[in-house]
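Trainee: I would like a close look at one part of this model. Please take it slowly and then place it in its surroundings.

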Amino acid sequence: IRGAIVNAMQSRRKDRPQSIEDFLSLLEIKTANDEETKLISSVNEIDGKTYIQDNNQKREKNKDLSKYLWIIITLCLIAGLTIILLPPSAKKLYEQGVSNIEQNQTIAIEQIQKSAEKGYAEAQFYLGHSYYYQEDYFKAIEWLEAAAEQGHKEAQYYLGECYYYGTGVKQDCTQAVILYQESAYQGVIESQFSLGYCYYFGEGIEQNYSKAVEWLKKAAGQGHNEAQFYLGECYHYGDGIEQDDEKAATYFLKAAKEGHTKAQSQIGQCYYFGKGVEQDYNKATEWFLKAANKGNVNAQYNLGVCYSNGHGVKLNHATAVEWYQKAADQGHIASQINLGVCYCNGNGTPQDYAKAVEWFRKAAEQGDADAQYNLGNMYYNGQGVSQSYEEAVKWYQLAANQGDTNAQNNLGLMYHEGD
């Protein structure tokens, strides 16, 4: 059985919906006409002069303020009495929101639309963002582009996402990178991560690990857990930066504590092998279990290895089989091989050569040399299949071509003996 703990790589992404109510609380819709603007300016001027008046002027001002204060208090008392006297149904409506404008999202959207049409970038972004999550991508692109052209950093990020995935537009990773860059330089964390990601994998731009590290650090330093995970990968493999197991483990642990599944699997490996941290099988299985319960195939396989060897848990072949099965069903090659070995030897499950052949074949057809060698053995011995030296030679040859010494040895013996 393979005892190696395997590595994991991270899938993307992230979404940040924004409610209309939250938006309206922040968005200052520019619908005031010139007269209203002048009025506001006039009031500010009067307020500004209040503090340079003499004492007599201040007293007059205080009298006026007192008069207005009594009017306000009276109105509040009347309003309170009115609420008390309202019928139950009216009270309920009042409690839910006196203003229809507050409660009517249709009117809210109409007001935002007017503001967007007047060129207000924040409103344009909100409309584009809303249409994006309504899956009306044509309108989403229209408004996101309008806001992005004005330098709206969030709009640039979301528009970059559209180009990256080909959502509402023809996929264009190069254009996505351009938009990510414009947004990243303005401090948008998601864009900083995305730009680092593109540099890391060479998507839309020439692969550059050093640049990847530069942008991943910016996002990771602000708590972005995907950036922390990939920065951990950079330190783990020495991509774009000096290899450092301790720093790799540090970033994996940060992301893992935030619930990042692949990071949980990776920090488990660090504890299992004692890389960057003190070896601790108990902590390794603890992190593997967290990731495995969320469907991570590498963690499921690794947990199976722990149960097969009694590392950090009580040795239990049956439980090992359960975890191998979960990962094998998802196409994980090493788990398919180990599951085949368990069926072949009757470890944790009744011996069943036919099932062993089934799982060896699944892995062998994915090109794994160990599985090809094992399948060759099954054909050579006629276990779970009809004996066939021809099929045995076929699978031994495939494994031997990949440098498998056992397959090369068996193949040489068969040619020597003329099997």
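Trainee: What should the 12 residues of helix α10 (residues 173-184) span at 1.5 Å a residue, and how far apart are its end C-alpha atoms?

Mentor: A word of caution to begin with: this is a predicted model. Now the helix. Helix α10 covers residues 173-184, and its 12 residues should span 16 Å at 1.5 Å a residue. The end C-alpha atoms are 16 Å apart, so expectation and model agree.

Next, look at which side chains of α10 are covered. Ala176, Val177, Leu179, Tyr180, Ser183 and Ala184 are buried. Buried here means under 20% relative accessible area. Seen down the axis of α10, these buried residues fall within an arc of 165 degrees, so they line one face of the helix. What does that face meet?

Tyr164 counts as buried because its relative accessibility is 8%. Tyr165 has a relative accessible area of 39%, so it is partly exposed.

One aromatic cluster includes Phe193, Tyr197, Tyr200 and Phe201. The cluster also takes in Tyr209, Phe229, Tyr230 and Phe252.

Tyr132 is buried because its relative accessibility is 15%. Tyr137 stands at 28%, so it counts as partly exposed. In total, the structure holds 25 aromatic pairs.

Rings also meet charges. The charged end of Lys326 sits over the ring of Trp323, 5.6 Å from its centre. Lys362 places its charged end over the ring of Trp359, at 5.5 Å from the centre.

Two single residues give a contrast in cover. Phe288 lies in helix α16 (residues 281-292). Its relative accessible area is 0%, so Phe288 is buried. Phe288 and Asn298 are 10 residues apart in sequence, with 8.6 Å from C-alpha to C-alpha. Asn401, by contrast, is placed in the loop between α22 (389-400) and α23 (405-417). Asn401 is exposed because its relative accessible area is 56%. Between Asn401 and Ala369 there are 32 positions in sequence and 8.7 Å in space, C-alpha to C-alpha.

Finally, step back to the whole chain. The chain has 23 helices and zero strands. Of its 419 residues, 40% are buried. Among contacts with a separation of 6 or more, 52% join residues 24 or more positions apart. The chain exposes about 22700 Å², and carbon and sulfur atoms supply 49% of that area.

The buried residues of α10 line one face, because they fall within an arc of 165 degrees.

Technical notes. Residues numbered from 1 in each chain as written. Predicted model: local features only at pLDDT ≥ 70, side-chain atom pairs only at ≥ 80, totals over all residues. Heavy atoms only, no water. Phe/Tyr/Trp six-rings, centres within 6.5 Å; stacked < 30°, edge-to-face > 60°. Buried < 20%, exposed > 50% of the residue type's maximum accessible area, 1.4 Å probe, protein only. Lys NZ or Arg CZ within 6 Å of the ring centre and 35° of its normal. Helix = DSSP H or I, 4+ residues; strand = E, 2+ residues; numbered from the N terminus. Contact = heavy atoms within 4.5 Å. Areas by Shrake-Rupley, 256 points an atom, 1.4 Å probe, with all protein chains shown as cover. Expected span 1.5 Å × (residues − 1). Arc of directions from axis to C-beta.
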